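Welcome! Take a moment to look over the chain before you read on.

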Amino acid sequence: MSAALQPTAAPNGSQPPDPDGPLTRQRKRVVRVLHRRPLLSLAALFLVGVGLLLLSVNKLANHLNEQNALRYAAQLSDTLFKTGQVYSQEVIARVKPLGVRVTHKHLLHKNAIPVPATFSILLAKKISEGTGPNSLRTNLYSEYPFEGGNNIQAMDRFQRRSLAELGTGKKTFYSFEDFDSRPSLRYANALVMKQTCLGCHNTDANSPKRDWKIGDLRGAREVIIPMGSSLPIIRDGLIEILGVMLAITCLLLAVLSMVLNALRDTNTALARFVPTAFLRHLGKEEITEVRLGDSVEREMTVLFSDIRSFTSLSER
């Protein structure tokens with residue numbers, strides 16, 4: 001027995017429109033790949049996720065290291081500033097009435113102590129005497145150092161740039177760069193002219209500038225923090241957290257693998273009742289794509305075969 005059937009066509013004789021847009025078809029392709037190769041797809045996604053996590057951990061470690069260095073530099077700079085204040089208010093104020101001379105050339109005179117700026121320079125030199133890889137550096141510099149003072153030095157690029165930036169009204173300026181072949185934070189804090197300093201700077205014969213006004217930028221205090229010491233500690237801590245997360249993820253993937261295997265067995269059993277060839281006739285790849293009312297017409301040939309005298313033979 002045979003029947004001649006033609007595929008269903010649109011009323012005007014053209015092919016029926018595709019109900020799925022390009023995005024829907026692309027989504028179906030992705031779902032199809034995930035359905036056919038679930039473990040391989042999950043393994044690929046897992047490796048991509050691990051790579052992105054490692055990049056994120058490295059970026060986060062660098063960010064935390066920079067933020068910690070900035071906080072430490074600000075605290076150290078503030079500590080040095082307050083130390084100078086204590087020296088001015090508690091030391092100089094007490095010894096001046098006793099006839100002690102306060103000068104930047106205190107080594108050339110008996111019964112003399114350094115002015116606050118010279119004291120700060122000497123303190124910075126003492127702090128910077130360390131030679132280890134984690135040693136701090138700090139110093140004072142100015143475009144107008146006193147002649148014969150302790151801070152006459154050729155300024156480098158960072159110091160010149162910091163004075164230019166601080167001269168615009170900024171309080172601080174910093175840069176992450178190599179210093180003595182080590183990654184470091186260079187942090188500069190503005191030193192402005194105060195009322196207590198005007199008399200010395202505008203009248204001393206060794207002062208290169210004598211028209212100072214209150215609020216003028218007279219120099220900067222720099223703090224140099226090595227960056228390499230804390231970065232490995234931060235990175236190791238983040239990698240340890242990442243390791244715990246990856247272990248939990250692997251456990252979840254193992255459980256998911258068992259679930260997928262169970263679903264695959266279910267699909268295999270379902271294919272015995274709805275063969276794949278039947279789905280292909282409908283133009284579907286997966287049974288989940290079949291909708292109520294889906295149909296198709298095909299030309300088919302049905303073969304009937306009979307065994308002669310089968311009834312009599314089977315009754316014997």
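The model you see is a predicted one. Its chain has eight helices and eight strands. Of its 316 residues, 26% are buried.

**The chain as a whole**

- If you take the contacts between residues at least 6 apart in sequence, 60% of them join residues at least 24 apart.
- The stops below include pairs of this kind, such as Ser 184 with Met 227, which are 43 residues apart in sequence.

- Helix H2 covers residues 38-95 and helix H3 covers residues 116-127, and their axes are 10 Å apart.
- How are H2 and H3 placed relative to each other? They pack at an angle of about 135°, and because angles over 145 degrees count as roughly antiparallel and 65 to 115 as roughly perpendicular, this pair counts as oblique.
- The crossing in which H2 passes H3 is right-handed.
- On the H2 side, the contact is made by Leu 80, Thr 83, Tyr 87, Ser 88 and Ile 92; on the H3 side, Pro 116, Phe 119, Leu 123 and Ile 127 take part.
- Sorted by class, this contact of H2 with H3 has seven nonpolar residues, two polar ones and no charged ones.

**Ser 142, a serine in a loop**

- You can find Ser 142 in the loop that runs between strand E4 (137-141) and helix H4 (157-166).
- Is Ser 142 buried or exposed? Its relative accessibility is 11%, and since buried means under 20%, Ser 142 counts as buried.
- The side chain of Ser 142 reaches two backbone atoms: the nitrogen of Tyr 144 at 3.0 Å and the oxygen of Arg 218 at 2.6 Å.
- Leaving out residues up to four places away in sequence, Ser 142 touches Met 155, Leu 163, Arg 218 and Gly 219.

- Strand E6 spans residues 182-192, and Ser 184 sits in it.
- Ser 184 has a relative accessible area of 3%, so it is buried.
- The side chain of Ser 184 reaches the backbone oxygen of Arg 182 at 3.1 Å.
- Not counting residues up to four places away in sequence, Ser 184 touches Ser 175, Phe 176, Glu 177, Phe 179, Ile 224, Ile 225, Pro 226 and Met 227.
- Asn 189 is buried as well, with a relative accessible area of 18%, because the cut-off for buried is under 20%.
- With the residues up to four places away in sequence set aside, the residues that Asn 189 touches are Ser 77, Leu 166, Lys 171, Thr 172, Gly 219, Ala 220 and Arg 221.

- Met 227 is in the loop between strand E7 (217-226) and helix H6 (231-271).
- With a relative accessible area of 8%, Met 227 is buried.
- How far apart in space are Ser 184 and Met 227? From C-alpha to C-alpha, they are 4.9 Å apart.
- Beyond its neighbours within four places in sequence, Met 227 is in contact with Asn 65, Glu 66, Ala 69, Phe 176, Pro 183, Ser 184 and Leu 185.
- Met 227 and Asn 62 are 165 residues apart in sequence, while their C-alpha atoms are 9.4 Å apart in space.

**Gly 237 in helix H6**

- Helix H6 contains Gly 237, which at 30% relative accessibility counts as partly exposed.
- Gly 237 and Ala 61 are 176 residues apart in sequence and 9.1 Å apart in space, C-alpha to C-alpha.

**Two loop residues with a positive phi**

- Which value does phi take at Asn 111? Phi is near 55°, a positive value in a residue other than glycine. Asn 111 is in the loop between strand E2 (101-102) and strand E3 (112-113).
- Asp 180 has a positive phi near 55°, and Asp 180 is not a glycine. Look for Asp 180 in the loop between strand E5 (172-179) and E6.

Definitions and conventions. Residues numbered from 1 in each chain as written. Predicted model: local features only at pLDDT ≥ 70, side-chain atom pairs only at ≥ 80, totals over all residues. Heavy atoms only, no water. Helix = DSSP H or I, 4+ residues; strand = E, 2+ residues; numbered from the N terminus. Buried < 20%, exposed > 50% of the residue type's maximum accessible area, 1.4 Å probe, protein only. Polar contact = N/O pair within 3.5 Å; in protein donor to acceptor, adjacent residues only side chain to side chain. Contact = heavy atoms within 4.5 Å. Axes fitted to C-alpha atoms, helices over the stretch in contact; angles between N-to-C directions. Parallel < 35°, antiparallel > 145°, perpendicular 65-115°, else oblique. Left-handed = near helix turned anticlockwise from the far one by under 90°. Nonpolar A, V, L, I, M, F, W, Y, C, P; charged D, E, K, R; others polar.
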